[in-house]
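Subject: Structure for you to look at

Hello,

Here is the structure I said I would pass on. Please open it first, then read the notes below with it on screen.

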Amino acid sequence: ETFGMLGKVLLKQPAGTWDQGSLYDAVFAIRMALATCLGILCGVTGLTGLQTFVAYLAASFVVPSSWFGYQGISDPAEYDDEKQPINMEGFGQGVSLFVLVWTVSYTLKHSI
């Protein structure tokens, strides 16, 4: 389902097509794709250290926020539910995935 959502995420949707559930799914898919891509990029290029991790954290908030603007969603907080704000959706899982992919790709590239 994540790959299907990524197709929807990449295309600008008409105003009003995003409901709360699909918007949460979209932010989750964006964070997972970002974590995977940046993890591979950082691992293969040999980036290490706190600055790499902080750069990922920054990107993890900037990219979904920029995507809201791209989709014409002026106030994403309108879609918040009672459990967590939409800008935190998938954050923990994204960080974990980034660290895993970063470590594995770095190890595969630089240990052979």
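The crossing of H2 and H4 is right-handed. Before more on that pair, please keep in mind that this is a predicted model.

Confidence comes next. The mean pLDDT over the protein is 93, and 97% of the residues score at least 70. Helix H1 (residues 2-10) has the lowest confidence, with a mean of 79, while helix H4 (residues 91-110) has the highest, at 97. Where pLDDT is low, the coordinates should not be read in detail.

Now the overall layout. The protein has 4 helices and 0 strands, in the order α-α-α-α from the N terminus. Its C-alpha atoms fill a box of roughly 50 × 25 × 20 Å along the principal axes.

Helix H2 (residues 20-45)

H2 has 26 residues and spans 37 Å from its first C-alpha to its last, close to the 38 Å expected at 1.5 Å a residue. Just after H2, Gly-46 has a positive phi of about 85 degrees.

H2 with H4

How do the axes of H2 and H4 cross? They come within 7 Å of each other, at an angle of roughly 25 degrees. Angles under 35 degrees count as roughly parallel, so H2 and H4 are roughly parallel to each other. On the H2 side, the residues in contact include Phe-28, Met-32, Ala-35, Leu-38 and Ile-40. On the H4 side, they include Leu-97, Phe-98, Val-101, Trp-102 and Tyr-106. By class, this contact has 13 nonpolar, 8 polar and 2 charged residues.

H3 with H4

Helix H3 (residues 50-70) also meets H4: the two axes come within 11 Å and cross at roughly 140 degrees. Angles over 145 degrees would count as roughly antiparallel, and H3 and H4 are therefore oblique to each other. Their crossing is right-handed. Thr-52, Phe-53, Tyr-56, Leu-57, Ser-60 and Phe-61 in H3 meet Phe-91, Gly-94, Val-95, Phe-98, Val-99 and Trp-102 in H4. Which classes do the residues of this contact fall into? They divide into 9 nonpolar, 3 polar and no charged.

When you go through the model, Phe-98 in H4 may be a place to start: Phe-98 is among the H4 residues that meet H2, and Phe-98 is also among those that meet H3. Trp-102 is likewise listed in the contact with H2 and in the contact with H3.

Regards

Methods
Residues are numbered from 1 along each chain as its sequence is written. This is a predicted model: local features need pLDDT of at least 70, side-chain atom pairs count only at pLDDT 80 or more; totals for chains, interfaces and linings use all residues. Side-chain values use heavy atoms; hydrogens and water are left out. pLDDT is the predictor's confidence in each residue, from 0 to 100. Helices (H or I, at least four residues) and strands (E, at least two) are DSSP runs, numbered from the N terminus. Axes are lines fitted to C-alpha atoms, for helices over the stretch in contact, and angles run from 0 to 180 degrees between N-to-C directions. Angles under 35 degrees count as roughly parallel, over 145 as roughly antiparallel, 65 to 115 as roughly perpendicular and the rest as oblique. A crossing is left-handed if the near helix is turned anticlockwise from the far one by less than a right angle, and right-handed if clockwise. Contact means heavy atoms within 4.5 Å. Ala, Val, Leu, Ile, Met, Phe, Trp, Tyr, Cys and Pro count as nonpolar, Asp, Glu, Lys and Arg as charged, and the others, Gly among them, as polar. The expected span of a helix is 1.5 Å times one less than its number of residues.
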